[in-house]
Amino acid sequence: MNGISGFRLSLVALLFCAASQATADPRTDYLLYCRGCHLINGDGVPPDVPSLHDEPGRLLSIPGGREYIVRVPGVSQTAMTDEELAAVLNWVLAEFNADTVPGDFQPYTAKEVGAARAKLLIDPLKYRASLMEKNRKPEPDPGS
Ligand code: HEC
């Protein structure tokens, strides 16, 4: 092997390392940025920190629920890029919510996450309760 091709090889290796570092896998990001509160297995510490099992998947079926998941402060304020955050949310849904995610679920995109996380949610618990309340109301009966 001559000096030039050896140099090329190490350059390729270097670029490869830089690329793989820029996009850590979502599980690692979950462990770094979410586990501190929601624990390694997503169980959380109810009632202070909610479990990430099943409920997020159900929220996807409620109007506003999909956006709410991104706007929760622990999510929106995390030190991840939009792309990394979208990957972590999709991972959380696949890992902990396989039974409740709707069949027609489209994965979060970086663009969607970027737009939603910009809308500051001051009182997440109150907002969540209002979403649930709206969803509980029966459709008005057009005949009455
Ligand atoms: C500092 C602690 C903390 C961190 C870190 C954190 N969360 Fe949370 N999370 C909470 C709390 C507390 C709530 C309840 C809403 C609130 O009070 O903000 C919550 C709510 C949520 C919800 C809504 C659950 C529901 O049923 O309403 C989701 C989804 C969620 N977090 C995901 C994540 C993800 C993903 C990460 C990592 C990017 C993360 N959280 C990081 C504390 C945290």
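I begin with the basis of the model, then turn to the fold, the iron site, the aromatic residues, one arginine and the backbone.

This is a predicted model, in which local features need pLDDT of at least 70 and side-chain atom pairs count only at pLDDT 80 or more, while totals for chains, interfaces and linings use all residues. Residues are numbered from 1 along each chain as its sequence is written, and side-chain values use heavy atoms, with hydrogens and water left out.

First, the fold. The protein chain has nine helices and zero strands; helices (H or I, at least four residues) and strands (E, at least two) are DSSP runs, numbered from the N terminus. Of its 144 residues, 29% count as buried, where buried means under 20% relative accessible area, exposed over 50% and partly exposed in between, with a 1.4 Å probe and protein chains only. Contact means heavy atoms within 4.5 Å. Among contacts in the protein chain between residues at least 6 apart in sequence, 66% join residues at least 24 apart.

Which protein residue provides a donor to the iron atom of the ligand? The single donor from the protein is H38, through NE2, 2.0 Å away. Donors here are N, O and S atoms within 2.8 Å of the metal (3.2 Å for Na, K and Ca); water is not among the atoms, so sites may look incomplete. H38 belongs to helix 3, residues 35-38.

I turn now to helix 7. This helix, residues 82-96, has 15 residues and spans 21 Å from first to last C-alpha, close to the 21 Å expected at 1.5 Å a residue; the expected span is 1.5 Å times one less than the number of residues. Its buried residues include L85, V88, L89, W91 and F96.

W91 leads us to the aromatic residues. Rings of Phe, Tyr and Trp (its six-membered ring) pair if their centres lie within 6.5 Å; planes under 30 degrees apart count as stacked, over 60 as edge-to-face and the rest as tilted. By this rule there are five aromatic pairs. The ring centres of Y30 and W91 are 5.3 Å apart and their planes meet at 40°, so this pair is tilted. The pair links distant parts of the chain, with Y30 in helix 2 (residues 26-33) and W91 in helix 7, 61 residues apart. Both Y30 and W91 are buried. Together with F96, Y30 and W91 form one aromatic cluster.

Let us now consider R71, in helix 5, residues 65-71. Is R71 buried or exposed? R71 counts as buried, because its relative accessibility is 10%. R71 lies over the face of Y127, at 5.3 Å from the ring centre; a charge sits over a ring if NZ of Lys or CZ of Arg is within 6 Å of the ring centre and within 35 degrees of the ring normal. A polar atom of the R71 side chain also lies 2.9 Å from the backbone oxygen of K119.

Finally, the backbone. Most residues other than glycine have a negative phi, and most peptide bonds are trans. P46 and P47 are joined by a cis peptide bond, with omega about 5°, and P47 is in the loop between helix 3 and helix 4 (55-59). L39, in the loop between helix 3 and helix 4, has a positive phi near 65°. D54, in the loop between helix 3 and helix 4, has a positive phi near 70°.

Definitions and conventions: A polar contact is a pair of N or O atoms within 3.5 Å; within protein, one must be able to donate a hydrogen and the other to accept it, and residues adjacent in sequence count only if both atoms are side-chain atoms.
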